[in-house]
Amino acid sequence: FSFTPLAIDEVEKILVAHTEMKPQDRKLAAQYCEGCPGTAISMDVAATAKLHRDALTVLERAVELRGVSYLFASTSALAKSQEIGFENVLQVFYSLLTDLLDLSCSSSMKALRNPALRRELETLSKKVDVSWVNKAVDGFDALHARMRRNINRSLGLDAVAISLARP
């Protein structure tokens, strides 16, 4: 069976009925779950929000590459996280890149996958273009494919981030 993702407000209603989350946590969980109420119910909202911010920090530091030590510290923390699977980390990057592509291509107030990060994403979207987003997607696709060969995740993420540095 294929289920269509629920709208954010529908997920929030389910969270009201089935959890005791605080209103701001309900809103964030509904935004980050991408329409899946089961994911929202079991979500650690603080950890998920931190993961999204950390991934966005990697993209920001890659674009503004001033020194690799800060960039590598950010990528290392994401790659070595024991609480979150690396495939989930990659999904967060894809989610952020989808939002950057939407913001780079249109000026409309389109609904983002990461609305809590709208301001930061809008700022970053002014520094990148469609070809940069395409290059990033290609890099993450290659990293995902290499995971089957047991690639060093930290080095792989470092390589993708460095390849995204703007000249």
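Let me start with the rings: Phe-93, Tyr-94 and Phe-140 are linked into a cluster by ring pairs, where rings of Phe, Tyr and Trp (its six-membered ring) pair if their centres lie within 6.5 Å, and planes under 30 degrees apart count as stacked, over 60 as edge-to-face and the rest as tilted. Before I go on, this is a predicted model, in which local features need pLDDT of at least 70 and side-chain atom pairs count only at pLDDT 80 or more, while totals for chains, interfaces and linings use all residues. Residues are numbered from 1 along each chain as its sequence is written, and side-chain values use heavy atoms, with hydrogens and water left out.

By that ring rule the count comes to two aromatic pairs. Phe-93 and Phe-140 are stacked, at 4.5 Å centre to centre with 20° between the planes. Phe-93 lies in helix 6 and Phe-140 in helix 8 (residues 130-146), so this pair ties together parts that are 47 residues apart in sequence; helices here are DSSP runs (H or I, at least four residues), numbered from the N terminus. Tyr-94 and Phe-140 make an edge-to-face pair, with 6.4 Å centre to centre and 65° between the planes. That pair, too, links distant parts of the chain, with Tyr-94 in helix 6 and Phe-140 in helix 8, 46 residues apart.

Now to the pockets. On a 1 Å grid over the protein atoms alone, a pocket is an open set of points where a 1.4 Å probe fits, with protein on both sides within 12 Å along at least five of seven lines, and lining residues have an atom within 4 Å of a point. The largest pocket holds about 430 Å³ of space, a volume being the space filled by probe spheres set on the points. Of its 16 lining residues, the closest to the centre are Tyr-32, Thr-39, Thr-48, Asn-88 and Val-92. Helix 3 (37-42), helix 4 (45-63) and helix 6 (86-105) each supply at least two residues of that lining.

The second largest pocket has a volume of about 210 Å³, and its lining includes Pro-5, Ile-8, Glu-34 and Arg-113.
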